[in-house]
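Work through the exercises below with the model open. Each task is followed by its solution.

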Amino acid sequence: MTQYERMVQGLIYDPGDQEILKEQAVYQEKLWEFNQLKPSEFDQKVRYMKEVFAQCGENCYIELPLRANWGGHHLHLGSNVYANFNLTLVDDGHIYIGDQVMIGPNVTIATANHPIDPELRGRGLQYNKDVYIGDNAWIGAGSVIVPGVKIGKNVVIGAGSIVTKDIPDNVVAVGNPCRVLREVGEHDRQYFYRNEAIDWENLQE
């Protein structure tokens, strides 16, 4: 079994393998070019996402710069996804992001990890575990999502959170480590910030 095959299967492997590095370098070059695009070059941005990402739905937008080990090649985006500045993707494994997801600035989503055993870690070995983010989630600024985590639909992750475990649907979760604070409910239908009421009558589509 090659190191690339081990990588794909989620086993411990050598990321410095020449076959892996050769393929990865292609996407690193493409990512460098992507990050040089002007804000007005919207069509070129879309072209990159459609060609390089594993999947990209409609109406997706990423504020540059984007940092990604594989240039986003292992990123699966639904539709209507927005990511703010300095999104960092450790996308050696796959990252699945659903529809209508919002990602704040300076968020890190990591799939790669290293063995705790010092001998293996000293050899530079790693393994990858995929990350899943459900539809209509909002990932607050500065959050970190570690390998293997699944975040449910309609979830709000508070700014600065370190998400180390799965988060169920329809909750607000915050902290380090990130824990469920409360469910999303009727209060959120009435108030948008503390005791400031939502003026629904002026927000009709």
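**Exercise 1.** In this predicted model, find how the axes of α2 and α3 cross, and which residues meet there.

*Solution.* 
- Step 1: take the distance. The axes of α2 and α3 come within 11 Å.
- Step 2: take the angle. The two axes cross at roughly 165°.
- Step 3: classify. Angles over 145 degrees count as roughly antiparallel, and α2 and α3 are therefore roughly antiparallel to each other.
- Step 4: assign the hand. The crossing of α2 and α3 is left-handed.
- Step 5: list the residues. From α2 come Y27, K30, L31 and F34. They meet K45, Y48, M49 and V52 of α3.

**Exercise 2.** Determine which strands pair with β6, and in what sense.

*Solution.* 
- Step 1: start with β3. It pairs with β6 over 3 bridges, in the parallel sense. Here R67 stands opposite T88 of β6.
- Step 2: go to β9, residues 108-110. This strand runs parallel to β6, joined by 3 bridges. T88 stands opposite T108 in β9.

**Exercise 3.** Describe the largest nonpolar core and the surroundings of I151.

*Solution.* 
- Step 1: size the core. It has 43 residues.
- Step 2: pick out the residues with the most contacts inside it. They are F53, I97, I109, I133 and I151.
- Step 3: trace the sources. Elements that each supply at least two residues include α3, β3, β6 and β18. The largest share, 4 residues, comes from α2.
- Step 4: inspect I151. Leaving out residues up to four places away in sequence, I151 touches Y132, I133, G134, I139, I145, I157, V163 and I167.

Terms used: Residues are numbered from 1 along each chain as its sequence is written. This is a predicted model: local features need pLDDT of at least 70, side-chain atom pairs count only at pLDDT 80 or more; totals for chains, interfaces and linings use all residues. Side-chain values use heavy atoms; hydrogens and water are left out. A nonpolar core is a set of buried Ala, Val, Leu, Ile, Met, Phe, Trp, Tyr and Cys residues joined through side-chain atoms within 4.5 Å. Buried means under 20% relative accessible area, exposed over 50%, partly exposed in between (1.4 Å probe, protein chains only). Contact means heavy atoms within 4.5 Å. Two strands pair if DSSP finds at least two bridges between them. Axes are lines fitted to C-alpha atoms, for helices over the stretch in contact, and angles run from 0 to 180 degrees between N-to-C directions. Angles under 35 degrees count as roughly parallel, over 145 as roughly antiparallel, 65 to 115 as roughly perpendicular and the rest as oblique. A crossing is left-handed if the near helix is turned anticlockwise from the far one by less than a right angle, and right-handed if clockwise.
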